[in-house]
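Let's take a look at a protein fold together. Have the picture turned so you can follow the strands as we go.

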Amino acid sequence: QMQLVESGGGLVQAGDSLRLSCAVVGHRNSDYAMGWFRQAPGKEREFVGGIGWSAGTQKYADDMKGRCTISRDNTNNTGTLQMNSLKPQHAAHYYCAVVPTQRPDTGVGVAVWRYGYWGHGFQVSVVS
């Protein structure tokens, strides 16, 4: 059974950077796309960015373009979300999620419902 184990998160100051990691365990192959989502209190869970199976396909939310970079290591089945120049409005509970894909060049979905495997998430707080 595939499980996602996340690490990172915490409290940072505005302008700081933060690196979040996600390890996929219980699954030997890398035939999945990985997405990153966030949910602030009182708001719906929203897409932050994602990366396809081959890592050649990436997609970012408009407000995160140029602010974050998503990468993956298919050898170790891990993914990383690097966020820079964080602002208080970026504070939220962040999740990594995975959706199995059939092809390495399959695009990255942005909808929550597309992802069948989720980590427990971690809180990111940004103080000014």
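In this predicted model, 4 strands make up an open sheet, and their order across the sheet is 1-3-8-7, with antiparallel pairing. On average, neighbouring strands here are turned by 15° against each other, if you ignore direction. As a bit of background, strands in a sheet pair through backbone hydrogen bonds, and they can do this either parallel or antiparallel.

Let's zoom in on one pair. Strand 1 and strand 3 (residues 18–25) run antiparallel and are joined by 5 bridges.

Now zoom out. How many helices and strands does the protein have? The count is 0 helices and 11 strands, so reading from the N terminus you get β-β-β-β-β-β-β-β-β-β-β. The radius of gyration is 14 Å, close to the 14 Å that the globule rule gives for 128 residues, so the protein is as compact as a globular protein of that length. Here are some overall values:

| Property of the protein | Value |
|---|---|
| Span of the C-alpha trace along the principal axes | about 45 × 25 × 25 Å |
| Residues that count as buried, of 128 | 41% |
| Accessible surface | about 6,700 Å² |
| Part of that surface belonging to carbon and sulfur atoms | 46% |

What about the inside? In soluble globular proteins, nonpolar side chains tend to be buried together. The largest nonpolar core here has 27 residues, and those touching the most other members are Leu 20, Met 34, Trp 36, Leu 81, Met 83 and Tyr 94. Two or more residues come from each of these elements: strand 3, strand 4 (32–39), strand 5 (46–51), strand 7, strand 8 (78–83), strand 9 (92–100) and strand 11 (122–127).

Which residues is Met 83 in contact with, leaving aside its neighbours within four places in sequence? They are Asp 16, Ser 17, Leu 18, Leu 20, Met 64, Arg 67, Cys 68 and Tyr 94. Leu 20 and Tyr 94 turn up in that list, and both were named above for the core.

There's also a second, separate core of 7 residues, including Phe 37, Val 99, Val 108 and Tyr 115.

Notes
Residues are numbered from 1 along each chain as its sequence is written. This is a predicted model: local features need pLDDT of at least 70, side-chain atom pairs count only at pLDDT 80 or more; totals for chains, interfaces and linings use all residues. Side-chain values use heavy atoms; hydrogens and water are left out. Two strands pair if DSSP finds at least two bridges between them. Axes are lines fitted to C-alpha atoms, for helices over the stretch in contact, and angles run from 0 to 180 degrees between N-to-C directions. The radius of gyration is taken over C-alpha atoms; the globule rule is 2.2 Å times the number of residues to the power 0.38. Buried means under 20% relative accessible area, exposed over 50%, partly exposed in between (1.4 Å probe, protein chains only). Accessible areas come from the Shrake-Rupley method with a 1.4 Å probe; for residues, only the protein chains shown count as cover. A nonpolar core is a set of buried Ala, Val, Leu, Ile, Met, Phe, Trp, Tyr and Cys residues joined through side-chain atoms within 4.5 Å. Contact means heavy atoms within 4.5 Å.
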